[in-house]
Amino acid sequence: MAVADSHDTHDDHHDLYDHGEFIAHHFDSAEQQFDSGKLGIWLFLVTEVLFFSGLFVAYTLYRTNHPEVFEQAHVFLNKYLGGLNTIVLLFSSLTMALGVRAAQLGRNKNCSVYILITMVCATMFLGVKAVEYSHKWDMGILVRSAFNLTYTHPTPTTEIGKALHISDYLVYLCIVPALLLAGFLAASVISKLINKAMLAKFMVAMAITVSGYFLGVVVGVIFMSATDAETGSSHASVIAEQPLMLMASTQDEHDEGDHDEGDHDKAAADPNHEGDHADHEEHFGSHPADGGEASFDAHHPDPSTLSRDVGIFFSIYYCMTGLHAIHIIGGIIALAWLYWRSLLGHWRTDYFGPVDYVGLYWHLVDLIWIYLFPLLYLID
Amino acid sequence: MNWQLPLMLAQTNDSNLENLRERTEAISMQGTTVPDSSLVREGTSNPFATEYWFPTQASSFAGEVDFLYMSIFWISLVFFVAIIGAMVYFCVKYRRKDGVIAPEPSSSHNTAIEILWSVLPSIILVWIFYVGAETWFEMRIPKENAEEIQVTAKQFGWLFTYEDGDQTNELHLVRDKPVRLIMQSEDVLHSFFVAAFRQKMDIVPGRYTYAYFEPIKDGVYRLSCNEYCGTGHSKMKTACIVHTSEEDRKNNTKWIEAEKTPFENGQRIYQIHCSGCHKVDGQAATGPALNLIWGENEKMIDGTTELVNEDYVLDSIWYPEKHIVEGYGPVSKMNSFKGILDQKDVDYVIAYLKELKSSTGDAK
Amino acid sequence: MVDASTRQKLFGTPETNFLNCSKGWKSWAFTLDHKRIGIMYLIGVTVALFLAGVFALVLRSHLFTFDSTMLSDDMYNQMFTLHGAVMVFSFIIPSIPAALGNIVLPMMLGAKDVAFPRMNLASFYLWIIGTGCLLLAILSGKGLDTGWTFYTPYSIDTNTGVIYATFGAFILGFSSIFTGLNFLVTVNTMRSKDQGWFKLPLFVWSLYATAIIQVLATPVLGITLLMLIAEKTLHIGIFDPKYGGDPVLFQHFFWFYSHPAVYIMILPAMGVISELISVYSQKRIFGYSFIAFSSVAIALLGFLVWGHHMFTSGQSLVVTLIFSAITFTVAIPSAVKVFNWLATLYKGSILLNTPMCYALSFIFLFGIGGLTGLFLGALSTDIHLHDTYFVVAHFHFVMVGGTLTALLGGVFHWWPKIWGRMYNDFLGRVGCFLVFSGFNLTFFPQFVMGSRGMPRRYASYDPEFQIFHQLSTVGAFVLGIGILLSFVVLVYAALRGPRCSSNPFRAASLEWQSSSPPDFHNFLQTPVLTDPYDFESQVYDEELDTYIPREFANPDKVAPRKEPVHH
């Protein structure tokens, strides 16, 4: 209050209370305003947690009811990419915390730098996610109703896709960021021309932020191909722990013409077959044509041995990560607003509430990812 | 009795499963109209009598349900009259006269009375809860030796399949013979409701639900769908006819006769799809033997036990990895038959399993 | 001590007030003033009430005869769905908190506004967008026929505008969260100096309890509706049994919100009634702390009983038993409130004006609504009564007999405060009588039908029920006329009613220390902190013909206190 008093802006209606520059008319003091904002943001975070809780409950129920689905499905998630994203987000939480500290000390310049780094991390996270998504869409790993696993990677049809050997989906996912990047660069040049230095600076920062997305895409693609190269070993290690994968390889032999499943079974005491093989074949009719797919890898699970409900795992996966990504995008917008206010030098030792609030939100978004990563990528 | 005849279908000699399925679907569950004059109801115009509030008590537990209802009715009435009586009395006695505000001095809190009127209703509520739960167990726990009837609900009609495979569009029961309905839906949520029996149960697609009761009074009652299911929801009603004896039912019912019993259909499905891995002579093969499992508690690889009932069989056929019997792990060697066998086929398999259990079981 | 001219300035009819301090549509559309937002909300929910009320009258007309062909089955299904959805999501949930609460709550705390005025305005615009989306289902020509509960898998299969409607409900959920969050923070941080929790009016307590529910339960509805939209567009297989999903899971999610939502509807109503009973009996409310804590108890217990909507859904026996048991525990705090209101009437000085008539009809109707809840909480009787007209009658007694009468009572009570004008009390009471009698005529016969086994949501029915349906239809029109009459009385009062000054009813909560209509900043002076139920703190002032705080009165003309000040 003491500090606020020195910034009085009296008007006719405000004769009863003194007000500082950033104290809204209905608050008595800066403390009251800060406390209200703080309580408000905590309550908002509670609603966010409950918002996600619906999906966590769905996850828990389906994991309890269909554990096999989760065991079969998570091998399709690249835990290296997930791990990379975890590190990126953790780092962004650190820079966010540093940004809050800088705002508390009234160091607007430091604050703006930390916020910019946080934003770049956020877009980088989205870039890596785009690589993951497009890779799965290529393989037909979609939500339950559209789930149609094939190991074929369709050849790119777009010019850029052909040139860079990246999937069409990834190209599509890059269109909007590319447009944004171009837009921000153009806006910064125009701002410069009309002598709005501050605006130009802001636009450059936004362009840097969007570039983070492409950084994420590049790193993601490199990670993806690196782990793909060692896929054999990585999958083999998974298979060693995964009895289910044994079954997948059994199934491959079956595809080569050996219908005698019983032979592979330790528990089967008497593998005599009374049932006619023609009928027996009937329910295996959903197999792909034998030897059809050239890219078929013995270490990849055979689509036909997967539970039909594996798609539910990916439904939940897309819902959870998609909702999380929407929250990241919301966070970036809030951070951009903070960045702009840092440029204007708004933060003072007695006024830094917004940075604090957005910081809390950002930590929550980070925290949710900390839960999602092991639940989706690191099962078992 | 006067109700519209169910659709009879041309008998076919083709015993193939697909045709069987088409045939049952073609029965198309026409909504039967029951003249309301034939519905039994003992009316009275005395609003304090049980008969005023309820239809005929036609099931063994209907009387108990009505007893609780009327008990709550009287308790509520006493409380309500006391509350409203006091309210009206106060409003008259203490009403403001000539605009003079003169409340008489009185206490604004009294912990003793507050606790009293919190605890006293609690005791009554405990009693209501207890009586309600007691009757409800009777409504939800299956009766011994109950006749089992498969109920198939579909927008917007009913199909009832009896133990011998014959079907009807109305529910035909025998007086004093307990019934266990095993219900499934082909599309959306429905709910089985016969007010005269005071029994109601939702029918949920993708799983089995059950209803138990024992009709104790013969007559024709209204059977309606009680969970909103779309356009024809209010037309999805039929009759429930309680016959005096088994003979009466046999002779006075227009049956849609089955050419094969559910057991035979189940046997056929078993031979086509299951016999490769499952034996019925008690020998373990790739999978466990099936002849004695029905109604047993099976031990699973994770140490739990599962009762082999309708849902267990459905899960085992559609989601083989869900329950893995001890000794057959660590993962299931069975493929899912979801999309190959539908719920009706699973019904036949269940009928087969039941028959196997009772025949082999008896033999031993 | 203050002189007569100051008294005139503070409590007389002000020249400038929040209604005329700025003009033009923009001054309303972009206002951050909680009172203006409250009034806009009030107009909004009134429109929703009339719209949904027309749906109700149409479907009641259809049900006049058992084989009516006035509406097709599809049309009938759409009518009851839209009636329910608009009433629940657009009318009842925002009615008391967002309209009345917005106007009154900050003033009861002696604050100038809610904590987040922009969020408050955003909440209102979200309400408009949400209601618009809900109505888009009709305007798109597809309608909506799922029932307001959107039960899967029917809502996935149907071709009607489920996506519009669920998206609308999703947006309305956020509107509700914003209001709740705002109120929680406001009550926590914006109270007057030295205004402790136990010096808050009970209406504030009930709004606080309501806000807890809004903040904790609504997000779950939000994610459920999003999943339903995803299910309908992408078929993600979480609720759709065709893809291995579980339709009962949807019911759990839905009722996890929607049962607490019932308390969002009734708790603020109880708060209003506590105020009315006390003010119009001119007696300290009996058992303040019991009423206050019972609100919080209801709010918390309300989270644990959602399963009682699903006794017949096939959930496990143990779960069902537990839900039934907890359901009965909610009955206790509700009963405690009714007893306390009665005790407040005892030896009071009861003024039977329009708001008090509504308060008394609330006790009558809520009494029936609450007691019939016992039939539905008990397991065996619920099996029989579930989804019959008995349930329809029960929840209408609670929501309409409870919330709507409390809303009308509250609106009449605070109307002179908002507009500085008095309503015609006689016509107001006639309206109240019509609402009360029309309501009973509409819904009481439905208890009989339900007990006899008439399922709800039936477009045609067995002839034996016809007489009850006819009574019900006649009652519905009487109820409609009653509401319309009250509406006319209120609108006339707001525009042409005789002027009245700050505190005509001798109420002691802080909002009555502002002028009528209040100033833009609510109070011209820092309000004197009074106990909200110490009516002797207000004394009559002849010059102004109103009650003013003792501290401001002319000491020569003030009678000494009879009752000592409570501490």
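Modeller: This is a predicted model. Leaving aside neighbours within four places in sequence, Ile316(A) is in contact with Leu55(A), Ala58(A), Tyr59(A) and Tyr62(A).

Biologist: Okay, and which residues touch the most other members of the largest nonpolar core?
Modeller: Ile316(A) is one of them, along with Val86(C), Leu184(C), Tyr208(C) and Ile273(C). That core has 360 residues.

Biologist: Which element gives the largest share of this core?
Modeller: That would be α9(C), with 22 residues.

Biologist: Switching to interfaces: how many residues of chain B are in contact with chain C?
Modeller: On the chain B side there are 69, and they meet 73 residues of chain C. The elements of chain B that each give two or more residues to that side are α3 (62-93), α4 (111-140), β6 (190-194), β7 (199-203) and β9 (219-225).

Biologist: What's that side of chain B made of, by nonpolar, polar and charged?
Modeller: You get 37 nonpolar residues, 19 polar and 13 charged.

Biologist: And how many residues does the contact take from chain C and from chain A?
Modeller: Chain C puts in 32 residues and chain A 27. On the chain C side, α7 (162-189), α8 (202-234) and α9 (247-281) each give two or more residues, and α8(C) has the largest share with 10. By class, this side of chain C has 22 nonpolar, eight polar and two charged residues.

Biologist: Now helices. At what angle do α11 and α12 of chain C cross?
Modeller: Roughly 160°, with the axes of α11 (residues 317-345) and α12 (residues 354-377) of chain C coming within 10 Å. That angle is why α11(C) counts as roughly antiparallel to α12(C). Their crossing is left-handed.

Biologist: Which residues meet there?
Modeller: From α11(C), they include Ser324(C), Phe328(C), Ala331(C) and Trp341(C). Among those on the α12(C) side are Ile363(C), Gly367(C), Gly370(C) and Leu374(C). The residues of this contact divide into six nonpolar, seven polar and no charged.

Biologist: Why does Pro504(C) count as partly exposed?
Modeller: Because Pro504(C) has 15 C-beta neighbours inside 10 Å, and buried takes 20 or more while exposed takes 12 or fewer.

Biologist: What does Pro504(C) touch?
Modeller: Not counting residues up to four places away in sequence, Pro504(C) touches Pro416(C), Met422(C) and Thr546(C).

Conventions: Residues numbered from 1 in each chain as written. Chains lettered and ligands numbered in written order. Predicted model: local features only at pLDDT ≥ 70, side-chain atom pairs only at ≥ 80, totals over all residues. Contact = placed C-beta atoms within 7 Å. Helix = DSSP H or I, 4+ residues; strand = E, 2+ residues; numbered from the N terminus. Nonpolar A, V, L, I, M, F, W, Y, C, P; charged D, E, K, R; others polar. Axes fitted to C-alpha atoms, helices over the stretch in contact; angles between N-to-C directions. Parallel < 35°, antiparallel > 145°, perpendicular 65-115°, else oblique. Left-handed = near helix turned anticlockwise from the far one by under 90°. Core = buried A, V, L, I, M, F, W, Y, C linked by C-beta atoms within 7 Å.
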